[in-house]
Amino acid sequence: YIYERTNTFTPTRGDILVASYVGRPSLVDTYNEEGFRLIQRYNAIMQFENNRGNIYEYAKNNKKLEWLANEPTFTWNKELAIKSGQPKGIHINDKRKETGALYLRDWLITPRGIDKDGNILLNLNYIYDEALLRELIKWNLKGNFDRVSALIVGMFDSKEIFNMEVEEAKTNDKTGFFDRPLFN
């Protein structure tokens with residue numbers, strides 16, 4: 001899933017799912033390539049479970065590591081801040097899965113606006129993936145729910161981005177046309 005982070009630039013103001021890729025092709029590399037095409041199309045960064053699959057190895061072998069998210073620092077929840085030893089992705093254990101499910105629940109029921117009849121609209125109302133909605137209804141801690149697991153991973157990434165300190169970009173780069181030696 002491609003998650004558009006909260007912003008002031010788009011009409012939706014972000015905090016919404018904007019695209020997805022779900023599939024089980026015969027080759028894992030085909031799946032990985034499609035995932036990377038999607039994040040490159042949206043200029044996104046991929047957060048992933050680093051204790052499943054081979055996304056890190058694929059990215060390393062294909063010079064795509066810059067498209068992978070770093071392991072979260074968990075500054076918002078020190079209890080979850082056990083380092084996995086992997087530089088990219090997130091290691092999901094039972095405690096993180098339980099906590100991520102709570103974050104997802106809170107996100108799903110977060111109000112986004114009001115419809116024409118005055119009813120409150122939630123993030124849940126903006127999910128158009130029927131299979132994801134079915135998984136959300138059936139979800140439990142023991143089952144295998146890939147779509148919901150992807151959203152749980154995304155909730156950690158959303159928290160990481162939300163709590164990130166933003167620094168003003170320094171622009172000391174003098175590469176403009178009139179900054180060349182000919183004009184100095």
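Phe74 is buried, and Phe156 is buried as well, where buried means under 20% relative accessible area, exposed over 50% and partly exposed in between, with a 1.4 Å probe and protein chains only. For Phe74 the relative accessibility is 1%. Before I go on, this is a predicted model, in which local features need pLDDT of at least 70 and side-chain atom pairs count only at pLDDT 80 or more, while totals for chains, interfaces and linings use all residues. Residues are numbered from 1 along each chain as its sequence is written, and side-chain values use heavy atoms, with hydrogens and water left out.

Let me stay with the rings. A search of the whole structure finds five aromatic pairs, a pair being rings of Phe, Tyr and Trp (its six-membered ring) with centres within 6.5 Å, and planes under 30 degrees apart counting as stacked, over 60 as edge-to-face and the rest as tilted. The rings of Phe74 and Trp76 are tilted, because their centres are 5.1 Å apart and their planes stand at 40°. Phe74 and Phe156, by contrast, form an edge-to-face pair, since their planes are at 70°, with the centres 5.7 Å apart. That pair links distant parts of the chain, 82 residues apart, with Phe74 in the loop between α2 (55–61) and α3 (94–108) and Phe156 in helix α5; helices here are DSSP runs (H or I, at least four residues), as are strands (E, at least two), numbered from the N terminus. Ring pairs join Phe74, Trp76, Tyr103 and Phe156 into a cluster.

What sits over the ring of Tyr103? The charged end of Lys159 does, 4.5 Å from the ring centre, the criterion being NZ of Lys or CZ of Arg within 6 Å of the ring centre and within 35 degrees of the ring normal.

Turning to the helices, the axes of α4 (residues 130–138) and α5 (residues 146–162) come within 8 Å and cross at roughly 85°, the axes being lines fitted to C-alpha atoms over the stretch in contact, with angles from 0 to 180 degrees between N-to-C directions. The two helices are therefore roughly perpendicular, a class that covers 65 to 115 degrees, whereas under 35 is roughly parallel, over 145 roughly antiparallel and the rest oblique. Ala131, Leu132, Glu135 and Leu136 in α4 meet Asp146, Arg147, Val148 and Leu151 in α5, with contact meaning heavy atoms within 4.5 Å.

Finally, the backbone: Asn43, in the loop between α1 (28–41) and α2, has a positive phi near 50°, and Asn43 counts as exposed at 64% relative accessibility.
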